[in-house]
Amino acid sequence: MESGAKSEGRKVIQGDFVSVYASCQSHIGSDIIFAPDATPNDGLIHLTIARGNIGRARITQFLLGLDKGSHINVPGVEYVKVDEFSIYREGGISGTLTLDGEKVVGENITIRLASQPLKVFAL
């Protein structure tokens, strides 16, 4: 299936990737604006995808743009807003895949937002 093709209401993005990073918040550090369009209550997962053919010069631009959020404008980088996504590779996922810092293995991994908001109580 071609990149961007839709399958059962889903957009399919195929290819080799250097990085697929998902975030529900705009900042992943005090000076790293990873998902510049994210707001705390938008109900979306913001995916930043760096293609496998991005090259060293563009990955350097990507890294240098993290403090301003301009990394999403680098050629070879895609920024997609979703409420659910899957990572699939026939024969299993190779390389290192971590979810919230925990290494995972498998052939198909699906991430979706919880349907109920988190309730926080403070004293």
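## Strands and their sheet

Two strands are said to pair if DSSP finds at least two bridges between them, and the strands themselves (E, at least two residues), like the helices (H or I, at least four), are DSSP runs numbered from the N terminus. In this predicted model, local features need pLDDT of at least 70, side-chain atom pairs count only at pLDDT 80 or more, and totals for chains, interfaces and linings use all residues. Residues are numbered from 1 along each chain as its sequence is written, and side-chain values use heavy atoms, with hydrogens and water left out.

An open sheet of 3 strands runs in the order β3-β6-β7 with antiparallel pairing, and its edge strands, β3 and β7, each pair on one side only. Between β3 and β6 the antiparallel pairing extends over 6 bridges, and Y21 has T48, in β6, as its bridge partner.

## Confidence

The protein chain has an average pLDDT (the predictor's confidence in each residue, from 0 to 100) of 83, and 88% of the residues score at least 70. Among its elements, helix α1 (residues 56-64) has the highest mean, 94, whereas strand β1 (residues 5-7) has the lowest, 51. Where pLDDT is low, the predicted coordinates should not be read in detail.

## Lining of the pocket

A pocket is, on a 1 Å grid over the protein atoms alone, an open set of points where a 1.4 Å probe fits, with protein on both sides within 12 Å along at least five of seven lines, and its lining residues have an atom within 4 Å of a point. Strand β3 gives the most to the lining of the largest pocket, with 7 residues.
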